[in-house]
Amino acid sequence: TVKYKPEFGDWETAQVSATAQKYTLENLWCGSRYQISVTAYNSIGTGDESDVLNTRTKGSKPIIPEASRFIEVSTNSITLHLSAWSDGGCPMLYFVVEHKKKSQVEWNQVSNNVKPGGNFVVLDLDPANWYHLRVTAHNNAGFAVAEYEFATLTITGGTIAPAREIADVGSGGINTDTSMQVILANLNLVVPVVSAMLVIIVAIIVMCFLRGKGNHHKGKR
């Protein structure tokens with residue numbers, strides 16, 4: 001008798017002929033861990049149960065695709081090409097699709113049961129906005145979570161500039177490296193301001209010097 005169970009399942013048994021050289025357990029879950037043990041019988045009685053064998057069926061969790069193969073961007077929507085995902089050798093079960101604007105914290109769930117195959121369209125997006133997309137793909141071996149960043153097109157079908165990451169000074173999250181990055185990024189503003197301040201300071205010094213020199217000559221007369 002062969003006794004077997006998935007990692008988080010119940011024990012099942014299969015009767016095997018005494019003359020069988022090998023036996024194949026069928027209809028197991030793909031990419032899953034199993035425990036197996038064997039007990040032998042003869043005319044005298046039942047032998048001791050074998051040690052439990054820990055093994056795993058072939059297959060892995062879904063493999064995340066590149067954004068360029070998966071996401072097709074439009075003005076008010078995006079199309080997800082689900083076939084871009086590799087199933088890892090285990091058939092896909094379903095997808096969970098979520099999105100949010102780049103500035104938002106909470107995710108909006110579009111669907112928690114998108115069937116594999118074909119395309120899936122995410123609607124009602126705002127034009128010319130940056131979004132985050134989170135897709136969780138499930139198969140019997142497990143699940144994989146992918147996060148992407150994309151921008152919807154403008155009303156005329158154009159693209160928008162990359163979103164700039166600006167540190168939140170008020171939150172205390174800015175550090176020295178971030179400060180330097182901000183300064184360097186705005187160097188075209190910093191240089192003219194500093195130059196103007198230097199000119200003003202020099203002008204004040206010169207005026208004070210000339211005024212002092214003039215007063216000195218008056219005193220001699």
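## Strands, a disulfide and a pocket in a predicted model

In this predicted model, strand β10 (residues 130-139) and strand β11 (residues 142-151) run antiparallel and are joined by 10 bridges. Strands here, like helices, are DSSP runs numbered from the N terminus, with at least two residues (E) for a strand and at least four (H or I) for a helix, and two strands pair if DSSP finds at least two bridges between them. Tyr-131 has Phe-150 of β11 as its bridge partner, and a hairpin of two residues leads from β10 to β11.

Residues are numbered from 1 along each chain as its sequence is written, and side-chain values use heavy atoms, with hydrogens and water left out. Because the model is predicted, local features need pLDDT of at least 70 and side-chain atom pairs count only at pLDDT 80 or more, while totals for chains, interfaces and linings use all residues.

Strand β9 (residues 119-122) has a covered face made of Phe-120 and Val-122, whereas Asn-119 and Val-121 make up its uncovered face.

| Strands | Bridges | Example of bridge partners |
|---|---|---|
| β6 and β9 | four | Leu-80 and Phe-120 |
| β5 and β6 | three | Glu-72 and Thr-79 |

### The disulfide

A search of the whole structure finds one disulfide, a term used for a pair of cysteine sulfur atoms within 2.5 Å. This disulfide joins Cys-30 to Cys-90, with 1.9 Å from S to S, and the link is left-handed, with -80° about the S-S bond. Cys-30 lies in the loop between β2 and β3, and Cys-90 in the loop between β6 (78-81) and β7 (92-101), so the pair ties together parts that are 60 residues apart in sequence. Both Cys-30 and Cys-90 are buried, that is, under 20% relative accessible area with a 1.4 Å probe and protein chains only, whereas exposed is over 50% and partly exposed lies in between.

### The largest pocket

A pocket is an open set of points, on a 1 Å grid over the protein atoms alone, with protein on both sides within 12 Å along at least five of seven lines, and its lining residues have an atom within 4 Å of a point. The largest pocket has a volume of about 160 Å³. Its lining residues are Thr-1, Val-2, Val-16, Ser-17, Ala-18, Val-38, Thr-39, Ala-40 and Tyr-41. By class, the lining has six nonpolar and three polar residues, and no charged ones.

Definitions and conventions: On a 1 Å grid over the protein atoms alone, a cavity is a set of points where a 1.4 Å probe fits but cannot get out, and a pocket is an open set with protein on both sides within 12 Å along at least five of seven lines; lining residues have an atom within 4 Å of a point. Grid points are joined across faces, edges and corners, and a volume is the space filled by probe spheres set on the points. Ala, Val, Leu, Ile, Met, Phe, Trp, Tyr, Cys and Pro count as nonpolar, Asp, Glu, Lys and Arg as charged, and the others, Gly among them, as polar.
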